[in-house]
Amino acid sequence: MKKLLVAVSLMATCAVAQAQLTGNVGMTSDYRFRGISQSQNAVALQGGVDYTHKSGVYAGNWNSTVSNRVYADSTGLESDLYAGYKMEVVKGVRLDVGSYNYIYSQAANRFSSNSNTNELYVGVESGPFTVKYSRAISDYFGLDNSKGTQYLQADANLPVNKTLTLNGHIGRTLVHNYSNRDYTDVKLGGTVNVSGFDLGAHYYTNLKQGNQVKTLNTVDGQQLYKNTVVVSVSHAF
């Protein structure tokens, strides 16, 4: 019995040694998702936790405050759950596959919302560059008959020195059955690390917008798609 307990203990210790658990907290002047404000052009508080294993398996949870006008009758919380697997396919090139799930708690019926969205994704990473394809396997943020909506993106995070990284992003949303809601989002800026805190400043703009994008993304007279500079601060631990 003692030998069995020792063996189990050693296996558990080895599993822990091969895994890493990290967390993060932050604040942003405007929470932008694929170029559209989720916080109604206001400050958002954010944070999450990530689990990564030496095998390439990972999982996590990320949360942010959102506008309960953008997500009607919600408690103002977005809680994301994700999991996936990364593997090196050739030297210096990694394949990333997984699932990302967006959950919005409701004031009347907590954690049950038509806005909840589930996506599968596949990405390829090489050095500072990433390309990724996501596809909704549910209706897309409450839009009827939008299952199959696609998002294609390319990202670059280029280190300038030990503290400064330049960030670039372009993405294209293709809403299934609603081509007049398709659009392209662009983000450009940089992040600097100061005493363990990441300070960011990024410019957001949207291009090639379908004729319903502006109408659907205007709330209380505020344009959620408008060009803007977003500043943020975050800390990982």
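Q: Ground rules before we start?
A: This is a predicted model, so local features need pLDDT of at least 70, side-chain atom pairs count only at pLDDT 80 or more, and totals for chains, interfaces and linings use all residues. Residues are numbered from 1 along each chain as its sequence is written, and side-chain values use heavy atoms, with hydrogens and water left out.

Q: OK. How many aromatic pairs does a search of the whole structure find?
A: The search finds 9. Rings of Phe, Tyr and Trp (its six-membered ring) pair if their centres lie within 6.5 Å; planes under 30 degrees apart are stacked, over 60 edge-to-face, and the rest tilted.

Q: How are the rings of Tyr31 and Trp62 arranged?
A: Their centres are 5.5 Å apart and their planes are at 65°, so this pair is edge-to-face.

Q: And which parts does that pair tie together?
A: Tyr31 is in the loop between β1 (19–28) and β2 (32–33), and Trp62 is in strand β5 (residues 57–65), so parts 31 residues apart in sequence are tied together. Strands here are DSSP runs (E, at least two residues) and helices are too (H or I, at least four), numbered from the N terminus.

Q: Tyr31 and Trp62: buried or exposed?
A: Tyr31 and Trp62 are both buried. Buried means under 20% relative accessible area, exposed over 50%, and partly exposed in between (1.4 Å probe, protein chains only).

Q: What about Tyr104 and Phe141?
A: They form an edge-to-face pair, 6.3 Å centre to centre, with 65° between the planes. Tyr104 sits in strand β7 (residues 93–106) and Phe141 in the loop between β9 (129–136) and β10 (150–159), so the pair links parts 37 residues apart in sequence. Tyr104 and Phe141 are both buried.

Q: Which residues form the aromatic cluster?
A: One cluster takes in Phe33, Tyr71, Tyr82, Tyr100, Tyr102, Tyr104, Tyr140 and Phe141.

Q: Where does Arg34 lie?
A: Over the face of Tyr151, 4.0 Å from the ring centre. The charged end of Lys86 sits over the ring of Tyr58, 5.8 Å from its centre. The test is NZ of Lys or CZ of Arg within 6 Å of the ring centre and within 35 degrees of the ring normal.

Q: New topic. How do β10 and β11 pair?
A: β10 and strand β11 (residues 164–174) are antiparallel, over 10 bridges. Pairing needs at least two DSSP bridges between the strands. The two form a hairpin with 4 residues between them. Ala154 has Ile170 in β11 as its bridge partner.

Q: And β11 with β12?
A: β11 also pairs in the antiparallel sense with strand β12 (residues 183–194), over 10 bridges. There, Gly168 has Leu188 in β12 as its bridge partner.
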